[in-house]
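The sequence and structure are shown first.

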Amino acid sequence: MGNVVVTGSASGIGAASAERLRAAGNRVIGVDVGSADVVADLGAPEGRQHAIRAVLDLCGGTLDGVAAVAGVGPDTRDPAAVASINYFGCVELLTGLHPALRRSGAGRAVVISSNSASTVPLIDGTLVELLLAGDEDGARKQAVAARNALPDRALATSPSVCAYATSKLALARWVRRTAVTPEWARRNILLNAIAPGAVLTPLMTRSTGTDADGDPDAFPTPMPLGAFGEPADIAFWVEQFLHPQARFTTGAILYVDGGTDAAMRPDSQPAPLEGS
Ligand code: NAI
């Protein structure tokens, strides 16, 4: 099949995606701050540049797919790191790998957003703007300010809940804005996002205190299917979005969340055209 990159390949959804893509015959280049083909900290500009150079070296300058999965959760102590890793670690890497995707003639990219973007009532509008404007220093400061405004209960368990949900909203918005630009769409590079719900990974267990033995019906958000997701449930869609036959979908946000978003906001999609 092709040369594909998976970030966050050392654990959870990234590891399951790398495994599935490899089983489908792709050559997978894993990128992670832990053990990976390319070891890089995507939370820092130098780490991202190192990752881009190392990937281009390994793939010979042409890539068929990128799955930007790496991320950290709401339990992260430093919300500035969440803004840097979850948003810039994804956007800067994809932007740096864009020429390699273009060379393939049918590049595919998928990013992992989250249903937190639409189900957590703590989105910081200023932070969304700073992220989308590419102002990393400003976004890092705002993420810290947003943490300091949290109620004590949230501060204790989820100090980065606002930065987390907001970074995932900005990421989804970046995907929709970017996918339809001529640089991506007319180069036949498809760009989509997956918005997972509660998936049993170390990130989810750490952030929520829920594990495989937990009761889905006791989870803070509704779980209509009565089950948590497994990393393989997301990896399935990652492979579909990177498949060469996925030719007519770009700028999509696919909820893979057991029905949580639909249960919480049944009528929010599709939204009618403004003015109609
Ligand atoms: P995980 O903790 O199992 O895996 C995350 C991976 O990202 C790890 O291998 C970690 O080393 C890597 N990573 C973290 N910081 C990094 C950095 N600075 N540079 C390079 N790599 C770094 O977590 P999981 O759940 O598999 O998360 C994958 C993605 O899915 C994340 O973006 C997360 O926000 C998203 N997500 C997960 C949900 C869940 O319930 N598990 C729900 C919604 C979204």
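Helices (H or I, at least four residues) and strands (E, at least two) are taken as DSSP runs and numbered from the N terminus. The model is predicted: local features need pLDDT of at least 70, side-chain atom pairs count only at pLDDT 80 or more, and totals for chains, interfaces and linings use all residues. Residues are numbered from 1 along each chain as its sequence is written, and side-chain values use heavy atoms, with hydrogens and water left out.

**Ligand site**

The ligand is surrounded by 29 residues, of which the closest are Ser 11, Ile 13, Asp 32, Tyr 164 and Thr 201. At least two residues of this shell come from each of α1 (12-23), α8 (161-179) and α10 (202-208). With 3 residues, α10 gives the most to the shell.

For the classes, Ala, Val, Leu, Ile, Met, Phe, Trp, Tyr, Cys and Pro count as nonpolar, Asp, Glu, Lys and Arg as charged, and the others, Gly among them, as polar. On this scheme the shell holds 17 nonpolar, 9 polar and 3 charged residues.

A polar contact is a pair of N or O atoms within 3.5 Å; within protein, one must be able to donate a hydrogen and the other to accept it, and residues adjacent in sequence count only if both atoms are side-chain atoms.

| Residue | Atom of the residue | Distance to a ligand oxygen |
|---|---|---|
| Gly 12 | backbone N or O | 3.4 Å |
| Lys 168 | side-chain N or O | 2.8 Å |
| Val 199 | polar backbone atom | 2.8 Å |

On its own the ligand has 830 Å² of accessible area, and the protein covers 91% of that area. Accessible areas come from the Shrake-Rupley method with a 1.4 Å probe; for residues, only the protein chains shown count as cover.

Helix α10 also contains Ser 207. A polar atom of the Ser 207 side chain lies 2.7 Å from the backbone oxygen of Leu 203. Ser 207 counts as buried because its relative accessibility is 14%, where buried means under 20% relative accessible area, exposed over 50%, and partly exposed in between (1.4 Å probe, protein chains only).

**Cysteines**

A disulfide is a covalent bond between the sulfur atoms of two cysteines; the criterion used here is a pair of cysteine sulfur atoms within 2.5 Å. The search of the whole structure finds 0 disulfides. Cys 90 is in no disulfide, its nearest cysteine sulfur being that of Cys 59, 17 Å away. For Cys 162, the closest cysteine sulfur is in Cys 90, and the 19 Å between the two sulfurs is too far for a bond. Cys 90 is buried, with a relative accessible area of 4%, and Cys 162 is likewise buried, at 5%.

**Two buried strands**

Strand β1 (residues 3-7) has 5 of its 5 residues buried, so the rest of the structure largely encloses it. Asn 3, Val 5 and Thr 7 are buried on one side, and Val 4 and Val 6 on the other. Two strands pair if DSSP finds at least two bridges between them. By this rule β1 pairs with strand β2 (residues 27-32) in the parallel sense, over 5 bridges. Within that pairing, Ile 29 in β2 is the bridge partner of Val 5.

Which residues cover the two faces of β5? Arg 108, Val 110 and Ile 112 are buried on one side, and Ala 109 and Val 111 on the other. Strand β5 (residues 108-112) is thus mostly covered, with 5 of its 5 residues buried. Strand β4 (residues 65-68) runs parallel to β5 and pairs with it over 4 bridges; Ala 68 has Val 111 in β5 as its bridge partner.

Conventions: Near = heavy atom within 4 Å.
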